[in-house]
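Open the model in your viewer and keep the selection panel at hand. The tour goes one selection at a time.

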2 protein chains.
Amino acid sequence: MVEASRRQVIVQKYGGSSVSNAEKIRTIARKICDRARTGVGMVVVVSAMGDSTDELIALAQAVTGEHVNPSLREMDTLLSTGELVSATLMAMAIHSFDQDVVSLSGQQAGIRTDATHGSARIASINNERLTRELDAGRVVIVAGFQGLDEAGDVTTLGRGGSDTTAVALAAALKADRCEIYTDVDGIYTTDPRIVPTARKLKEIGYEEMLEMASLGAKMNPRSIELAAVYQVPVLVASTFEDVPGTLIHGGEPVMELRRAVTGIALDKNVAKITVRGVMDRPGVAGGLLRPLAEAGISVDVIVQNTSDDGATDFTFTVSEAEAQRALELIKQQQETIAFRDVTSGGGLAKVSIVGTGMQNGPGYAATMFTALSSANVNIDMITTSEIRITCIVKRDDVPAAANALHTAFELDS
Amino acid sequence: MVEASRRQVIVQKYGGSSVSNAEKIRTIARKICDRARTGVGMVVVVSAMGDSTDELIALAQAVTGEHVNPSLREMDTLLSTGELVSATLMAMAIHSFDQDVVSLSGQQAGIRTDATHGSARIASINNERLTRELDAGRVVIVAGFQGLDEAGDVTTLGRGGSDTTAVALAAALKADRCEIYTDVDGIYTTDPRIVPTARKLKEIGYEEMLEMASLGAKMNPRSIELAAVYQVPVLVASTFEDVPGTLIHGGEPVMELRRAVTGIALDKNVAKITVRGVMDRPGVAGGLLRPLAEAGISVDVIVQNTSDDGATDFTFTVSEAEAQRALELIKQQQETIAFRDVTSGGGLAKVSIVGTGMQNGPGYAATMFTALSSANVNIDMITTSEIRITCIVKRDDVPAAANALHTAFELDS
């Protein structure tokens with residue numbers, strides 16, 4: 001027991017593009033074997049191969065016909081097969097290199113979830129079998145993105161589900177580190193396709209990463225949140241390029257993090273919905289937004305001005321793809337909640353400066369607004385959190401805004 | 001409870017070629033809904049779609065490399081996904097026609113097996129969930145070919161596994177009938193491609209069907225055996241053509257079965273292995289054949305002549321594809337079991353007459369040998385069972401032999 005608990009345990013995760021064919025699987029299998037032979041306990045979470053999930057979704061649509069949504073319960077079992085395929089193939093590849101290995105489904109790995117098919121939350125992890133297999137000297141491959149609910153039915157964890165699996169297993173095993181391998185090689189100060197001087201960060205704090213989650217690494221905020229709660233250090237790195245990645249952790253900020261602003265987050269698919277002449281009573285905002293939450297539409301920035309005449313304007317943003325549905329859901333409430341009219345507008349973007357160092361320092365907002373103004377960027381809406389300031393701007397202004405801010409906050413160097 | 005037990009329950013099985021694309025799945029789904037709406041309790045076992053199993057095997061071989069056999073445990077989980085995909089798709093299709101439905105994996109259907117990966121045997125079926133879903137008015141789709149062993153690992157049932165699943169579920173549920181839908185429309189007196197006058201049988205007994213298992217219906221003997229033990233009537237019929245099939249049952253033979261010979265079974269891939277000068281001691285035959293059994297090679301006809309000088313010749317047949325491996329395994333034993341030499345020869349076939357009516361009647365062997373002789377077919381080996389006489393002949397002689405026997409035993413009419 002002492003022996004086992006002293007051994008280093010690493011949880012790795014490989015995304016779909018990393019395991020999209022047999023050759024890539026063999027390449028990764030070889031790396032895993034090399035690492036395992038250093039004596040590290042290895043748990044490896046894999047996503048479905050390349051486009052296999054899309055193919056399964058297309059099949060589901062074909063058998064149900066155009067105008068019917070496939071049953072979410074059936075869809076979950078169907079989609080879970082994609083990860084089972086890549087997990088067993090990875091285990092076979094590792095086995096062919098004479099390394100002891102076993103693949104486990106989410107269920108076998110002890111992952112229990114609630115019954116929300118399509119976007120289940122992990123309720124608990126029974127790590128008994130995982131620990132037994134690790135103690136037996138096996139590399140353990142786990143099918144990502146899936147679990148089992150109380151009724152014994154397969155569930156899936158929704159977008160970014162395999163990242164969540166990896167971080168949750170790392171937490172349950174008290175692993176030394178979770179390593180997310182993907183097709184980008186780390187977290188950047190901002191999108192390098194828009195700001196040529198963007199730099200890769202060596203490390204970043206959980207909270208900053210949460211705010212920056214929409215950046216290059218495409219990591220789901222949910223897994224970052226989980227990592228923060230359980231204090232799991234997460235390395236984001238490239239699968240095939242042997243270059244240093246970015247470590248997301250909660251330790252003392254080192255030199256690099258002392259700079260006030262760590263990065264510029266960009267989100268270019270924003271629409272806003274404005275409800276005018278709302279009676280300003282307690283509970284009105286909640287009432288208006290509840291049907292959107294029930295329809296699974298995320299509401300992001302919310303701005304409401306207090307008013308003197310008892311009526312107010314209420315504005316919020318949603319992703320552009322969900323704007324039309326959100327507008328309809330608001331309109332349907334005009335009978336129960338009094339307001340004058342509702343309008344929507346797209347073509348917007350969110351530009352945010354993020355950094356824990358901002359918490360105690362003044363002047364960041366002023367610097368931001370000045371920089372945007374000098375770049376002729378008009379600000380539509382503003383919101384702030386403890387470690388972030390966000391401006392809603394026209395989508396076409398994003399390059400000018402991002403470059404101006406990157407320079408103004410000395411991220412180019 | 002009384003209500004539930006009085007309701008008719010049918011277990012159906014659809015093979016891989018019947019569910020090879022979305023259109024076929026929708027066609028079958030519609031038929032299942034029509035049947036379910038008559039009030040019958042429906043459990044439907046499906047195989048993997050068309051060639052999907054072959055594609056998974058090819059992937060497994062690609063990740064393990066040329067000269068390594070993929071781990072059987074991993075292979076079982078990998079292959080089991082094929083049936084999960086078709087089961088969930090079938091459930092979605094049925095759901096789109098507004099019929100209550102649920103898909104279950106082998107595990108969820110309560111199928112427990114031993115741990116022989118690749119060819120597991122069913123140990124028990126806990127029909128609790130199946131019964132609950134049926135009582136709730138749902139059509140239950142079950143992924144065929146798979147179960148769960150005591151360690152909680154997925155197993156597969158080997159060749160013909162989905163037929164076995166269907167018959168076993170029918171037995172566990174005390175279903176009224178098991179219906180096997182396939183790309184042939186029933187059991188014929190012999191192979192219609194070889195004997196143009198071959199006729200489809202309306203019904204056939206379990207024992208006869210066991211002997212004829214290699215005929216057109218391609219049914220696995222294992223599922224017939226299971227059906228016989230639990231007295232489950234099995235209908236073999238065409239998936240898409242609306243013509244009567246063949247009912248396999250254990251009831252009193254009706255008119256048609258009173259004829260002595262029910263059919264002519266043909267197997268055209270036979271090789272024989274002859275071991276000469278074997279010391280005729282008890283246990284020698286068992287000793288020679290044990291390594292073949294351990295290698296999974298089925299030995300079929302076995303002929304041994306008693307001898308006076310203490311040494312004997314020992315001949316057996318195997319399928320042509322396994323002849324070379326069998327020969328090597330026998331040769332390896334020359335050091336431990338004394339024999340003079342061993343030879344093998346292929347290009348043979350088995351021609352059998354089958355019928356329960358033969359049990360009490362004499363003269364069938366004589367009629368068979370005369371008919372073959374008149375057709376200039378030489379007989380190499382002969383074995384008999386209670387309801388079958390088998391001759392090993394040259395493969396090229398099969399058409400002449402089959403047609404001569406079909407006529408001699410009055411099956412043409």
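Into which domains is chain A divided? Select residues 2-182 of chain A for domain 1, then residues 264-408 for domain 2. Color them separately. This is a predicted model, so treat every stop as a prediction.

**Stop 1: the two domains of chain A**

The centres of domain 1 and domain 2 of chain A lie 37 Å apart.

**Stop 2: chain A as a whole**

Switch to C-alpha atoms. Along the principal axes, they fill a box of roughly 75 × 55 × 35 Å.

How does the radius of gyration of chain A compare with that of a compact globule? Chain A has 23 Å. A compact globule of 413 residues would have a value near 22 Å, so the two agree.

Next, look at burial. Of the 413 residues in chain A, 50% are buried. Then turn to contacts between residues of chain A at least 6 apart in sequence. Of these, 75% join residues at least 24 apart.

**Stop 3: where chain B meets chain A**

Show both chains. Here 28 residues of chain B are in contact with 28 residues of chain A. Which helices of chain B each supply at least two residues to the side that touches chain A? Select helix H2 (22-36), helix H3 (52-64) and helix H4 (72-96) of chain B. H4(B) gives the most to this side, with 13 residues.

Color the side of chain B that touches chain A by residue class. Its residues divide into 15 nonpolar, 11 polar and two charged.

**Stop 4: the sheet of chain B**

Eight strands form an open sheet here, with mixed pairing. Walk across the sheet in this order: S3-S6-S2-S1-S9-S11-S12-S10. Which strands are at the edges? They are strand S3 (101-104) and strand S10 (203-205) of chain B, and each pairs on one side only. Neighbouring strands are turned by 20 degrees against each other on average, direction ignored.

**Stop 5: one edge, residue by residue**

Zoom in on S10(B) and strand S12 (residues 246-249) of chain B. The two strands pair in the parallel sense over three bridges. Finish by selecting B:Gly205. Opposite B:Gly205 stands B:His249, in S12(B).

Notes:
Residues are numbered from 1 along each chain as its sequence is written. Chains are lettered from A and ligands numbered from 1 in the order in which they are written. This is a predicted model: local features need pLDDT of at least 70, side-chain atom pairs count only at pLDDT 80 or more; totals for chains, interfaces and linings use all residues. Two strands pair if DSSP finds at least two bridges between them. Helices (H or I, at least four residues) and strands (E, at least two) are DSSP runs, numbered from the N terminus. Axes are lines fitted to C-alpha atoms, for helices over the stretch in contact, and angles run from 0 to 180 degrees between N-to-C directions. Two residues are in contact if their C-beta atoms, placed from the backbone, lie within 7 Å. Ala, Val, Leu, Ile, Met, Phe, Trp, Tyr, Cys and Pro count as nonpolar, Asp, Glu, Lys and Arg as charged, and the others, Gly among them, as polar. The radius of gyration is taken over C-alpha atoms; the globule rule is 2.2 Å times the number of residues to the power 0.38. A residue is buried if 20 or more other C-beta atoms lie within 10 Å of its own, exposed if 12 or fewer, and partly exposed in between; C-beta atoms are placed from the backbone. Domain bounds come from an automatic or database domain assignment.
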